[in-house]
Amino acid sequence: MFKLSILQRMTFTAMMIAVYMVATRFIMVPVTQAVRLSAGVAILIFSSILLGPISGAVVGIAGDLIGIAISPYLGMAYNPLMTISYGLMGATPGLLMMLFRKVKAKDLVYSIMFFALLSVIVISLTIYMATASEITLFDHLFTINLVARIVVPIVAFILMGLFALFTYFLNRRFKKRREEYPNLPSPYQISFIVVIIEVVFTLFINVFAKMWMIEMTFETIFFPSLFIAFIYLPANTLIVTYLCFLAVKVVRIRE
């Protein structure tokens with residue numbers, strides 16, 4: 001956690017709401033009617049780590065409410081379940097950081113849990129490729145043939161392996177900085193948080209929340225989100241890691 005005065009916390013919270021809103025409403029790429037690609041999740045995770053779970057929840061809720069008022073996503077109606085989900089998503093990283101400080105686990109423990117969650121993603125994609133006949137991405141319908149059923153799971157497994165390797169070298173890259181700021185989250189911890197957010201919220205809670213509002217099946221929302229996860233995982237880990245280490249130059253870390 002970062003040591004902030006009340007005024008600093010309020011100022012940073014307002015800034016994060018603005019940045020989060022811009023990232024999710026204006027700097028994003030629509031993948032399907034219900035799925036979009038943006039840096040909003042990374043901003044939300046960083047906000048919660050920087051400011052704590054309460055401020056993180058405020059960023060998620062306020063960012064969604066103000067964002068839908070200013071720029072409704074693809075003309076979709078307001079979905080209160082998504083607002084609740086974004087609030088929980090904003091609170092989760094801060095709560096996990098509090099847990100990390102109480103349970104002094106080694107990076108090996110985080111890496112094991114990290115690999116277990118990655119396995120869930122790869123297995124889910126493999127099951128879909130084996131059972132589905134088509135998928136819609138970026139408003140285009142793609143047929144899943146035999147080659148795709150074989151190649152995509154293999155590529156997914158390789159990408160997840162590369163992501164794990166990427167996290168390992170990222171952890172080594174910031175090892176000296178963490179010795180200077182021991183309370184700063186490690187890339188392993190950040191990657192674990194990113195995977196938790198991706199699996200629990202993006203791939204499940206948000207999918208069911210969108211299904212409640214839109215007449216779309218589980219598969220048409222879940223599996224495009226699953227494909228996008230392969231972009232989100234390394235990108236969000238990198239963004240949040242660098243933002244956390246840049247933040248120590250601006251604010252002090254709580255001892």
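This is a predicted model: local features need pLDDT of at least 70, side-chain atom pairs count only at pLDDT 80 or more; totals for chains, interfaces and linings use all residues.

Trainee: Where is Thr 202 found?
Mentor: Thr 202 sits in helix α8, residues 187–213. Helices are DSSP runs of H or I with at least four residues, strands are E runs of at least two, and both are numbered from the N terminus.

Trainee: Is Thr 202 buried or exposed?
Mentor: Thr 202 is buried, because its relative accessible area is 11%. Buried means under 20%, exposed over 50%, and partly exposed in between, using a 1.4 Å probe and protein chains only.

Trainee: What does Thr 202 touch?
Mentor: Ile 197, Val 207 and Ser 225, not counting residues up to four places away in sequence. Contact means heavy atoms within 4.5 Å.

Trainee: And Ala 69, buried or exposed?
Mentor: Ala 69 is exposed, at 64% relative accessible area. Ala 69 lies in helix α3, residues 53–70.

Trainee: Back to α8. How does α6 pack with α8?
Mentor: Helix α6, residues 146–173, and α8 pack at about 145°, with axes 8 Å apart. Axes are lines fitted to C-alpha atoms, for helices over the stretch in contact, and angles run from 0 to 180 degrees between N-to-C directions.

Trainee: Which residues meet there?
Mentor: Phe 163, Thr 167, Tyr 168, Leu 170 and Asn 171 from α6 meet Pro 187, Tyr 188, Ser 191 and Val 195 from α8. The residues of this contact are six nonpolar, three polar and no charged. Ala, Val, Leu, Ile, Met, Phe, Trp, Tyr, Cys and Pro count as nonpolar, Asp, Glu, Lys and Arg as charged, and the others, Gly among them, as polar.

Trainee: What else does Val 195 touch?
Mentor: Its contacts include Phe 114, Leu 117, Leu 118 and Leu 233.

Trainee: Now the largest nonpolar core. Which residues touch the most other members?
Mentor: Ile 45, Ile 193, Val 195 and Leu 233, out of 74 residues. The largest share, 13 residues, comes from α8. Such a core is a set of buried Ala, Val, Leu, Ile, Met, Phe, Trp, Tyr and Cys residues joined through side-chain atoms within 4.5 Å.

Key
Residues are numbered from 1 along each chain as its sequence is written. Side-chain values use heavy atoms; hydrogens and water are left out.
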